[in-house]
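Please keep the sequence and the model in view while reading.

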Amino acid sequence: MSWIRTIGVTCLAAPAFAAPPGWSTVPGGPTGRVSAMQAMETPSGPRLYLGGVFAGAGSIPSPNLVAWTGSAFEPGPGVGTEVLTLAVFPYQGQPRLVAGGFLNVAGRNVAALVGAAWAGLPGSPTPWVGGLGVFDDGSGPSLFVSTPVIGFHGSDYIARFDGAAWSGPGRGIISVARALTVFDHGSGPRLYASWPPVTAPTSDRVGVWNGSAWTGIGAQLPFRPDAMVVHDDGAGPALFVGGPGSGPTVTLARYDGSAWSGLGAGTVGPVRALASYDDGSGPALYAAGTITSAGGAPVAAIARWKNGRWTPLGPGLTGGSVETLAVFDDDGPGPIPPALYAGGTFTHAGGAPSPFLARWAPPACRADWTGDGVVDFNDLLGFLNDFNAAGEYADLNADGVVDFNDLLEFLNLSNAGC
Ligand SMILES: [Ca+2]
Ligand SMILES: [Ca+2]
């Protein structure tokens, strides 16, 4: 039979869970825009917190913040009028979820979830908060808070809170930084902000906090970033940034510690969220927002960069934008693989209704090649198509080549029911 043949295709990563991923909806999810997501361990187990502008999740009232347990939604509890940013920060003796935005918790716009109640951080901004970042300069972790205040605790637009007291790191940055990300390119960790400091050329676009002062990045970038993530594309960890751009402008770049570089033909359209996620075939970079093309081909709001090329995520996300991405493992060590969650204003995922929240992941059962929840003949046909095309997910036994042993592996999985 023609499809039984050896195909010598080299795959780079050893897949832990190779089967083609797909979109699924998360029933009973948030009833409005999701702007931020944060995974964390809690005394009740892992939670994915979702913040934004909504009345609750499904029929559960919980304004602007809800928690996903991996199988159900819980009240956040709700907070404020709009959550823009979330982080995890040690406060009052243990790691806490902290939120920023338009919260007005006792007049403050950064609040920590202490037990079952929100506590406004004393000294936190009375105007809104657009960015939160956690950075340890060696003296313990500090929460960096970005807000539209000149001279906020002695620093423009940004100040730090060590859990007890605020300090202004001197001259600040030139506007509210939505993205604050820690990156170490070999000379120690630094905090990167999505606006340059007042002391650097605006063309630097990005500010760097070295533990004592803000400096420019020293390498010009043609757009201002809104999203940042550290990702290893195989050439070592690098800082990837995405931004608004306009028209046919590339809106994504990679910084290796000394220079910016592009990602192939790049993305067109605003990038609002970035994530590093391993779907079982190795880590890849995911860029999302309102992008309309990646690598020169059309995509719907989200695309994947791996091994030097762009791929769409099936029919993508439509009807609105993607504002945030997060990786969450619904059942921890259980059989369900980690998923990439997307939140925003979109209405559909993979062509099916999935308002404001969607889940991209391989099927829990590897023999369910089509991801429709049943193992049948269509899965064999689907696998054989990918096998013949030497598709990247066809290396089922993770030995780096797509060959007859992978077909045997699939048949074994299929016979075993999964
Ligand atoms: Ca199936
Ligand atoms: Ca193989």
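## Terms and numbering

Helices (H or I, at least four residues) and strands (E, at least two) are DSSP runs, numbered from the N terminus, and two strands count as paired if DSSP finds at least two bridges between them. This is a predicted model, in which local features need pLDDT of at least 70 and side-chain atom pairs count only at pLDDT 80 or more, while totals for chains, interfaces and linings use all residues. Residues are numbered from 1 along each chain as its sequence is written, and chains are lettered from A and ligands numbered from 1 in the order in which they are written.

## A hairpin

Strand β16 (residues 180–183) pairs with strand β17 (residues 190–193) in the antiparallel sense, over four bridges. Phe-183 has Arg-190 of β17 as its bridge partner. Six residues lie between the strands of this hairpin, in which Gly-186 takes a positive phi near 125°.

## An open sheet

Four strands, in the order β1-β34-β31-β30, form an open sheet with antiparallel pairing. Because β1 (22–25) and β30 (322–328) stand at the edges with a single partner strand each, one side of each is left without a neighbour in the sheet. From one strand to the next the twist averages 25°, where axes are lines fitted to C-alpha atoms, for helices over the stretch in contact, and angles run from 0 to 180 degrees between N-to-C directions.

Within this sheet, β31 (residues 339–344) and β34 (residues 357–361) are joined by four bridges in the antiparallel sense, and Leu-340 stands opposite Trp-360 in β34.

## Domains

The chain is divided into domain 1 (1–20 + 365–418) and domain 2 (28–364), with bounds that come from an automatic or database domain assignment. Taken over C-alpha atoms, the centres of domain 1 and domain 2 are separated by 34 Å.
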